[in-house]
Amino acid sequence: MSKPCILCCAITGSVPTTADNPNVPVTISQQVESSHAAVEAGASIIHAHVRNDDETPTSDPDRFAQLKEGLEKHCPGVIIQFSTGGRSGAGRDRGGMLPLKPDMASLSVGSNNFPTRVYENSPDLVAWLSAEMVKYEITPEIEAFDLSHILHAIRMSEQGLLFGKLYVQFVMGVKNAMPADKEVFDFYAKIMHERAPNAEWCAAGIGPNQLIVNEWAIANGGHTRAGLEDNIRIDKNTLALSNAALIARAADLCEKYERPVATPAQAREILGLKPT
């Protein structure tokens, strides 16, 4: 299998703090430094959240602007993907950073249960976020927590409601949502192959599921995501030292399955993004 594999690094997220793992990058400078190391380890997409000074999540466009500037300076060519996730804000505040025109942004197209709350993505909000991404020419990464999200994303793409090439990420292992189940994973990949053959897909596993989902995706011709947002450990008893360590582990799996790790330029071509 010679198709390059895109490795996405989810560097911070909204949940893990330095109390959970002191290596979680929180400040802008920490995030840029961690991203640079992850890119050197093989990451071609940086999936980014921002935090307040007290480590709580925020959708503050000014902080996203600072992070974007730092990534463009210190990680030239890397694909910058902003999160519009629901833990960082409410309603349209979740898309307040989209006028900054990152290369990509996450988009959840349906609601589901999270460990202690409902992750609510109303049809009106989904329509507004997707329209903003069209307006600013931002390719969405569909974060699919359920089969219905995949099918809805395919419909939206067919109807011209999503900018650019369809890119769907299977998120597996969130408590109360879709578990990391190989039979389900195989069905997801089959649906993408049959119903959206020109699209690309990737997969992310949460917590201890990260490594096995990385391997499923790489072995099956997809792309994958790793990083401290999803998983703070390198194994059951050991905290991960960095985002780069988790990306390097995924890169080793690419070598195992004889897949080259995509450079940022290759990833841009695969995903139909503008070259830098």
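The crossing of helices α1 and α7 is right-handed, a crossing being termed right-handed if the near helix is turned clockwise from the far one by less than a right angle, and left-handed if anticlockwise. In this predicted model, local features need pLDDT of at least 70 and side-chain atom pairs count only at pLDDT 80 or more, whereas totals for chains, interfaces and linings use all residues. Residues are numbered from 1 along each chain as its sequence is written, and side-chain values use heavy atoms, with hydrogens and water left out.

Helix α1 (residues 28-41) packs against helix α7 (residues 243-256) at an angle of about 15 degrees, the axes lying 8 Å apart; helices are DSSP runs of H or I with at least four residues, strands are runs of E with at least two, and both are numbered from the N terminus. Axes are lines fitted to C-alpha atoms, for helices over the stretch in contact, and angles run from 0 to 180 degrees between N-to-C directions. The two helices α1 and α7 are therefore roughly parallel to each other, a term applied to angles under 35 degrees. Contact (heavy atoms within 4.5 Å) is made by Ser-34, Ala-37, Ala-38 and Ala-41 of α1 and by Asn-243, Ala-244, Ile-247, Ala-248 and Ala-251 of α7.

Helix α7 also packs with helix α6 (residues 210-219), here at an angle of about 35 degrees and with the axes 10 Å apart, and this crossing is right-handed. The residues involved include Leu-211 and Ile-218 of α6, together with Leu-246 and Leu-253 of α7.

The largest nonpolar core holds 64 residues, of which Ile-150, Leu-166, Val-168, Phe-170 and Met-192 touch the most other members; such a core is a set of buried Ala, Val, Leu, Ile, Met, Phe, Trp, Tyr and Cys residues joined through side-chain atoms within 4.5 Å. Its largest share, six residues, comes from α7. When neighbours within four places in sequence are left aside, Val-168 is in contact with Ile-142, Ala-144, Ile-150, Ala-153, Met-192, Glu-200, Trp-201 and Cys-202. A second, separate core of twelve residues includes Ile-45, Ile-79, Met-104 and Tyr-167.

Positive phi values occur in two loops. Asn-176, in the loop between β10 (167-172) and α5 (182-195), has phi near 80 degrees and is partly exposed at a relative accessible area of 48%. Glu-258, in the loop between α7 and α8 (264-271), has a phi of about 55 degrees and counts as exposed at 63% relative accessibility. Buried denotes under 20% relative accessible area, exposed over 50% and partly exposed the range in between, for a 1.4 Å probe and protein chains only.

Notes:
Parallel < 35°, antiparallel > 145°, perpendicular 65-115°, else oblique.
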